[in-house]
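Subject: Handing over the structure

Dear colleague,

I am passing on the structure that we talked about, and below it you will find my notes on what turned up in it. Please read them with the model open beside you.

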Amino acid sequence: MVINIDLDDKSYEITIGNLSKLNFNTKVAIITNPKVSGLWMQKLLSSLQAKEVYIITINDGEQYKNMQMVEHILDNLFNHRFDRNSLLIAFGGGVIGDITGFCAAIFQRGIEFIQIPTTLLSQVDASVGGKTGVNNRFGKNLIGAFHQPKAVYIDTQFLSTLPKREFSAGVAEIIKMAVMFDKEFFNFLQKSSLYEENNLQLAIKKAVELKAWVVAQDEKEKGLRAVLNYGHTFGHVIEKQTAYSTYLHGEAVGIGMMMANYLAIELGLLAKEQNKEIKKLLQTYQIPISYDIKNVENFYDQFFFDKKSSQNSIKFILPQGIGQHKIVQGVDKERVLTSMKNFLKGS
Ligand code: NAD
């Protein structure tokens, strides 16, 4: 099945299904890491034809999504005499996708790249929409560019080797989409196990369709696209407090969604029963839903370090019931603190 992402001259197709034959009349560099390469490179190479194919490997892990690895990739491209007609293929999870896209955005002022995501999180979220970038010592994703891929190929066979925790982290992003945009999709997720291939394919398709719809309306996150950050304002603080080592990104987002829900309850946007439904769905996939906030004031203060919070004005992305969202600004600090205390009590 094919989903179009409609962005005028930057439009592209997202193909979901068995990886088909890929033919390119250019030089191609596959950017990957040793884990993905070891598991799946043969499969990719057997589908790929190009003038010349190079494989550039970077270390595995979020800590390597940095400028040093960008230099490493660019040096390789120059050494192999890549030019403006060459193509990069991102072959891995969101880390590989983000760094490859960024290299494609800046190599000789921009070349084409395609995404072949191999984690659930990158299949439903990171590979679609053209946000690329790397981290530095000031924070995550602070250096980057909007650069849309030429195509995205999503093959669920890659997920067969994905650790269960990584799978669940991807499910958290799927649930996020449903809660924000689509009650019917949420009902489907309540009824259907994503451990079954058919259901998984349908859920990926729906999540990608929703993301494509959002990105088509707001490519550069001036409005609607911010809704995809449901759970992230809280999640980023959790990731930072735990030094990015306790939770996977999707897990921190899952906890963050619960925290956002308590604020939505406090503001009368979400019923307690609806929160329970969301919580139950997250728990079905062992996505963590609790977190020991040691000091609510201190937690609150850290919102202001988020690059999406302009000075003194935190933007909260909250559910308005299930399937709708509301962006709320200027919430009284005391109400936020109260909601965090209720989150801690689980009431
Ligand atoms: P990841 O890329 O680190 O992959 C997670 C782990 O799974 C890694 O160890 C990886 O080597 C391994 N892996 C990948 N494919 C595998 C497979 N098929 N079988 C077994 N193991 C496999 O993490 P992720 O969760 O895919 O992505 C997180 C990153 O994505 C973060 O850097 C985040 O900032 C970024 N992100 C970007 C966007 C965007 O719009 N650009 C959106 C969401 C997240």
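How much area is buried between domain 1 and domain 2, and what share of that area do carbon and sulfur atoms give? Before I answer, please keep in mind that this is a predicted model, and that the protein is divided into domain 1, which runs over 2–160, and domain 2, which runs over 163–343. The area buried between these two domains is about 2,400 Å², and carbon and sulfur atoms give 66% of it. On the side of domain 1, Leu120, Val124 and Lys140 supply 24% of the area that this domain buries against domain 2, which is more than any other three residues supply. The centres of the two domains, taken over C-alpha atoms, are separated by 26 Å, and the contact takes 24 residues from domain 1 and 29 residues from domain 2.

The ligand is the other part to look at, and here both domains return, since the shell around the ligand draws at least three residues from each of domain 1 and domain 2. There are 26 residues around the ligand, and those that come nearest are Glu62, Gly94, Thr118, Thr119 and Thr161.

In terms of secondary structure, helix 1 (34–47), helix 3 (94–106), helix 4 (120–126) and strand 8 (139–146) each supply at least two residues of the shell, and helix 1 gives the most, with 4 residues.

In the side chain of aspartate 98, an N or O atom is 2.9 Å from a nitrogen atom of the ligand. As for the ligand as a whole, the protein covers 91% of the 860 Å² of accessible area that the ligand has on its own.

With kind regards

Definitions and conventions. Residues numbered from 1 in each chain as written. Predicted model: local features only at pLDDT ≥ 70, side-chain atom pairs only at ≥ 80, totals over all residues. Heavy atoms only, no water. Near = heavy atom within 4 Å. Polar contact = N/O pair within 3.5 Å; in protein donor to acceptor, adjacent residues only side chain to side chain. Areas by Shrake-Rupley, 256 points an atom, 1.4 Å probe, with all protein chains shown as cover. Domains from an automatic or database assignment. Contact = heavy atoms within 4.5 Å. Buried area = accessible area lost by both parts, 1.4 Å probe.
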